[in-house]
Amino acid sequence: MTMSEDVQNAIEFLRETGFPDEPLRAFAERAEQDGETSWSLMRRAHEEGHLTEADYQRYLSDRLSYPIRTAIAPADVDHDFVQAIPIGYCREHRLIGLKPVDGCLRVVTDDPRDINVIHRVGALMGLPVAIELAPRIVIDRAINQAYSEADADFSEVLDDADDESKLLDELDALESCDLLDSDSRAPVIKLVNMILFEAVKRCASDVHIQPYPTHVQVRFRIDGVLYDYLRVPRQLLDEVVSRVKVVGKMDIAEKRLAQDGRTSVTVGEKSVDLRISIIPTSCGERVVLRLLDKTERLYQLGELGMSPPDQVRFRTLLERPHGIILVTGPTGSGKSTTLYAGLQYLDCREKNILTLEDPIEYQLTGVSQTQVSGKKGMTFATGLRAVLRQDPDIIMVGEIRDEETARMAVQSSLTGHLVFSTLHTNDAAGAVSRLLDLGIEPYLVASSLLAVLAQRLLRILCPKCQQQVALTPQTIASLRLEPHLAGSMVSDRGGCDECTNTGYRGRKGIFELLTVDEAIRELIVDRAKSSEIKAQAVASGMTTLRQDGVAKFLSGATTLEEVTRVAFQDELTGESAGEGSCEELPVRC
């Protein structure tokens, strides 16, 4: 059988790309024997690794006049295409639709091997199709971005859902699939997937599913504040909770006891860890899911929001050879992020760094990290004993919860180790009282404790919609500022689509760094009150949480309202802080 001119041209193209002559001869003989077309020949060369993706697409472009794209902007993707074509279909055939030009839909693919697939898309859209080429990685990224930004339509899910027991039969398997691909799911599975998808999309840290006598309220915690998000019919509660239990590998039949679960899910290019807690209430089971985005990057010390003087002092403390450094604050105040930033600052090539965590939130290069598991007998205290036999220089203990762990941490610091850990206290001085309450002798606390860093997270103004307002005399008086600052311009919140009309976007820390000097050691040994220790620290130059918050307000980073919401009562000045409220998040339900 004689090779066609097209096949001969294809073989010549392969030779020009560097295909060796001897293997190319055998390759061509097989093509002649099988009667391959030039297209199937080039596809085989690409699939067998003889031809790069770029060269393969260049050949198709030269022969079929298909344009080649090196990038696809999110704004170029056709919204109607995303609404009409399921993400699973796009991923299976690796294609994405761009906005029509002159009434013609542009479909981008990495290999138009099945032209019927592309024409089928055109038929569904009711438009003629023009084919374009792009690298596989570009198309995958465009698909993830386009479907991640698509609005979730809950109304269709809620209309389809019912309270029949058949829904439970469809919850029997935990899919390791992408949450975006939910078109083929049962209604309740789609509903739970959409809730998680929207939570990730809005950067929520927690999802609350709270039952009431007449309905179920879904709420998101975004930047530390809870927002009402979605009302679900009351009759769907059991099915929704059952689905969450399946995802978290919990007992579906157990409804009288509290349960905890953990799993990982994927949303587009993001990998998200879920920590699930379910408790029984008078209205039914209540669910809280904590979301941890594993793709988020780690912060450096300079990005936390710490003032330059506190940064210098904190870096100096990190270089000490032994002692204890504590980070305090309530749950969700960024303590782990600060500890990770501190560990990254240290040189893990010269020092042996080990951590005990529950859970391990991020992987640190060069650091040995151990997961604490009470069920397996690996507590912070027992883990700390084991770690001490690993010749450590620096130890990070996720949290000091009991006397045994506290005593082990103190002894570790006194035997030449630098120990980092966290405590739940309202301010830096309160950490001393907490250690004493746990049963640690004052002289041991005084000799081992280097510093305590208290922190909170403030919501930062959205850069797109923030406004400028003048300082009023009332604000000047409440903050005890210089009177001449009246009329000075500061920033205030506005509202836009970027920040979902909250006026805030992202968070920064406020800090209170108490370094233990000789005067404070004497107070610790004398079992002085927290207020006395705090007063001495302020006299020595410590900036309180509230003072740091006010400084960020005056710099235009946040609002006084936010500082007041987050900062606790300042015992030295008598200023008080209000509690955060649950606001209504504007969504389309």
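So, D293 first: this aspartate is buried, at a relative accessible area of 14%, where buried means under 20% with a 1.4 Å probe and protein chains only. D293 sits in strand β9, strands here being DSSP E runs of at least two residues and helices H or I runs of at least four, numbered from the N terminus. Leaving out residues up to four places away in sequence, D293 touches K270, S271, V272 and Y362, with contact meaning heavy atoms within 4.5 Å.

Quick caveat: this is a predicted model, with local features needing pLDDT of at least 70 and side-chain atom pairs counting only at pLDDT 80 or more, while totals for chains, interfaces and linings use all residues. Numbering runs from 1 along each chain as its sequence is written, and side-chain values use heavy atoms, without hydrogens or water.

Okay, on to helix α4, residues 53-64. Its 12 residues should span 16 Å at 1.5 Å a residue, and the end C-alpha atoms are 16 Å apart, so the two agree; the expected span is 1.5 Å times one less than the number of residues. Which residues of α4 are buried? That would be D55, Y56, Q57, Y59, L60 and S61. Remember, an α-helix has 3.6 residues a turn, so residues three or four places apart point the same way.

How values were computed:
Buried < 20%, exposed > 50% of the residue type's maximum accessible area, 1.4 Å probe, protein only.
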